Structures are given as C-alpha cells and as structure tokens.
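This report covers one protein chain.

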Amino acid sequence: MKIYQQNIPLNEGSLDAKAITLWLKIKSGDETAFEALMLDFYKVLFSYGIRLVPDEDYIKDCIQDVFMEIWLRRATLGETDFVKYYLLKSLRRRIFREYKKWFAQHEEASDDYHFMVDFSVETQLIEQEHSSEQIGKMEMLLNKLPKRQKEAVYLKFYQNLSNEQIAEVLGVNRQSVYNLLYEALRKLRTEWPNEYVNCILLLFAWRVI
C-alpha cells in the first residue's frame with residue numbers, strides 16, 4: 001500500500017483538522033487515510049509511550065495494536081474532533097493493560113512506571129529567548145516532580161490537551177487534574193522564584209518537533 005506523504009510541516013491546528021478528515025475517511029474504509037494517520041501520529045504516540053515504559057519494542061507493539069484496533073473497528077468508530085486525544089488515551093490504556101503480560105514473556109515486570117521529561121524546543125527559540133542553562137534547569141526541576149504531575153504537565157503543555165481530556169487519558173476526574181497541575185506549577189515557582197515567568201514561557205514553548 002502506498003503511504004501518504006506530507007512534505008510541509010503542519011502546525012497544531014492544521015494537524016487537528018487534517019486528522020478529523022482522515023478519521024472520517026478511515027470510517028469508510030480508506031486505506032490511504034489510515035496510513036496517513038499512522039504517519040502523522042506515530043512520533044507523537046511513541047514520544048508519549050516511551051516516557052511511560054522505556055522499552056522501544058514494547059511501545060512499538062502497543063502503537064501497532066492501537067492502530068490495528070482502529071482499522072478493525074473502523075465501521076463502528078464514532079466521530080471525534082480530538083483524534084490525538086483519542087490516540088493518546090487508547091495507547092495509555094493499551095500500555096498498562098498488556099504491560100505485565102508482555103514483560104512476562106521478555107523480562108521481569110515492574111509494578112511501577114516512570115515518566116521522564118526531556119525538552120524538545122526549536123534551536124531558534126533557544127538562541128533568541130532561552131539559554132541552554134535555563135532549559136537544563138527546567139528539565140531537572142520537572143523530573144523532580146512526582147510522575148503523575150509530570151505526566152499531567154506533559155499532556156497539558158507538550159500535547160496541548162484540555163484538563164477534561166487529560167482527566168480522560170489518566171482515568172481521573174477534572175479536579176484531580178487541576179490539583180496535579182497546580183501542585184506542579186507551585187513547586188516550580190518555589191524552586192525557581194526569580195525565573196517563574198521564563199519557566200512558564202518554556203512550558204508553552206515545549207512542543208513536538
């Protein structure tokens with residue numbers, strides 16, 4: 001099958017609009033649209049999944065399973081305006097549902113999960129607005145947060161999800177998401193009081209590239 005190629009980088013809004021169009025085409029059995037959706041979101045899903053469980057083979061298997069399930073269930077898929085949110089939620093559920101089963105066949109499974117943060121910001125932004133020292137300090141401070149707070153911050157600022165969507169992905173209520181984000185930002189402000197504005201700007205600059 002020929003894989004759809006997109007030569008011009010898409011911003012967040014155009015990617016969402018494109019994804020909705022692809023989703024509707026997938027529902028009608030369009031293989032090219034299905035392959036295009038995989039191409040557009042594979043990096044996003046892998047970047048998220050590898051932070052939950054740092055095993056590339058396992059995460060690739062989970063991503064493949066998520067897309068395969070979408071294709072097999074294409075005729076009964078509901079309509080959605082938030083395809084990325086749906087994919088992230090599906091991947092997280094798949095990762096933890098199959099976690100112990102998969103690792104039992106490969107190595108000892110852990111009852112815990114880790115969520116590591118790293119900054120991916122454009123070189124131009126670093127040169128013009130933020131020093132590498134600031135970025136390094138932000139990464140260090142984020143990785144000192146509890147894993148749930150880190151994951152909420154990642155979904156909020158890196159993946160641009162709403163609080164309601166984050167709640168669905170994490171399987172908690174909206175107030176819990178508010179509390180996670182509030183505590184995370186409070187800790188960042190306490191640790192970096194003189195640079196808190198830069199801290200917030202860095203979070204908003206944190207995007208998939």
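Is Asp-16 buried, partly exposed or exposed? Asp-16 counts as partly exposed, because its relative accessibility is 31% and the class between buried (under 20% relative accessible area) and exposed (over 50%) is called partly exposed, with a 1.4 Å probe and protein chains only.

## Basis of the model

The model is predicted: local features need pLDDT of at least 70, side-chain atom pairs count only at pLDDT 80 or more, and totals for chains, interfaces and linings use all residues. Residues are numbered from 1 along each chain as its sequence is written, and side-chain values use heavy atoms, with hydrogens and water left out.

Accessible areas come from the Shrake-Rupley method with a 1.4 Å probe, and for residues only the protein chains shown count as cover.

## Fold and burial

The protein chain has 10 helices and zero strands. Helices (H or I, at least four residues) and strands (E, at least two) are DSSP runs, numbered from the N terminus. Read from that end, the order of elements is α-α-α-α-α-α-α-α-α-α. The chain holds 209 residues, and 42% of them count as buried.

Asp-16 is part of helix H1.

## Nonpolar core

A nonpolar core is a set of buried Ala, Val, Leu, Ile, Met, Phe, Trp, Tyr and Cys residues joined through side-chain atoms within 4.5 Å. The largest one has 54 residues, and Leu-37, Tyr-48, Phe-67 and Leu-155 touch the most other members. Two or more residues each come from helices H1 (12-27), H2 (31-52), H3, H4 (83-104), H6 (132-143), H7 (147-158), H8 (163-170) and H9 (174-191). H2 gives the largest share, 10 residues.

Leu-45 also sits in helix H2. With a relative accessible area of 1%, Leu-45 is buried. Leu-45 and Ile-63 are 18 residues apart in sequence, and their C-alpha atoms are 7.0 Å apart.

## Salt bridges

Side chains of opposite charge can pair when their charged atoms come close. Here a salt bridge is a side-chain nitrogen of Lys or Arg within 4 Å of a carboxyl oxygen of Asp or Glu. The count by this rule is seven.

One of them joins Lys-89 and Glu-168, with 2.9 Å from N to O. Lys-89 lies in helix H4 and Glu-168 in helix H8, so this pair ties together parts that are 79 residues apart in sequence. Lys-89 is buried, at 15% relative accessible area, whereas Glu-168 is partly exposed at 39%. Another pairs Glu-164 with Arg-174, where the closest N and O atoms are 2.8 Å apart. Glu-164 belongs to helix H8 and Arg-174 to helix H9, so the parts tied together are 10 residues apart in sequence. Glu-164 is partly exposed, with a relative accessible area of 41%.

## A pair within H9

Arg-186 and Glu-183 also form a salt bridge, with 2.8 Å between the closest N and O atoms. Both are in helix H9, three residues apart, so about one helical turn separates them. Arg-186 is partly exposed at 38% relative accessibility, and Glu-183 is partly exposed at 26%.

## Surface charge

Which residues gather in a patch of negative charge on the surface? They are Glu-56, Asp-57, Asp-61 and Asp-65. Patches are made of residues with over 30% relative accessible area and no salt bridge; like charges are joined within 9 Å, and nonpolar side chains (Val, Leu, Ile, Met, Phe, Trp, Tyr) within 5 Å. Lys and Arg count as positive and Asp and Glu as negative, while His and the chain ends are not counted. Each charge is placed at NZ of Lys, CZ of Arg, CG of Asp or CD of Glu.

Asp-65 lies in helix H3, which spans residues 56-72. Asp-65 is partly exposed, at 33% relative accessibility.

## Backbone at Asn-160

Most residues other than glycine have a negative phi. Asn-160 has a positive phi, near 60°. Asn-160 is located in the loop between H7 and H8 and is partly exposed at 44% relative accessibility.
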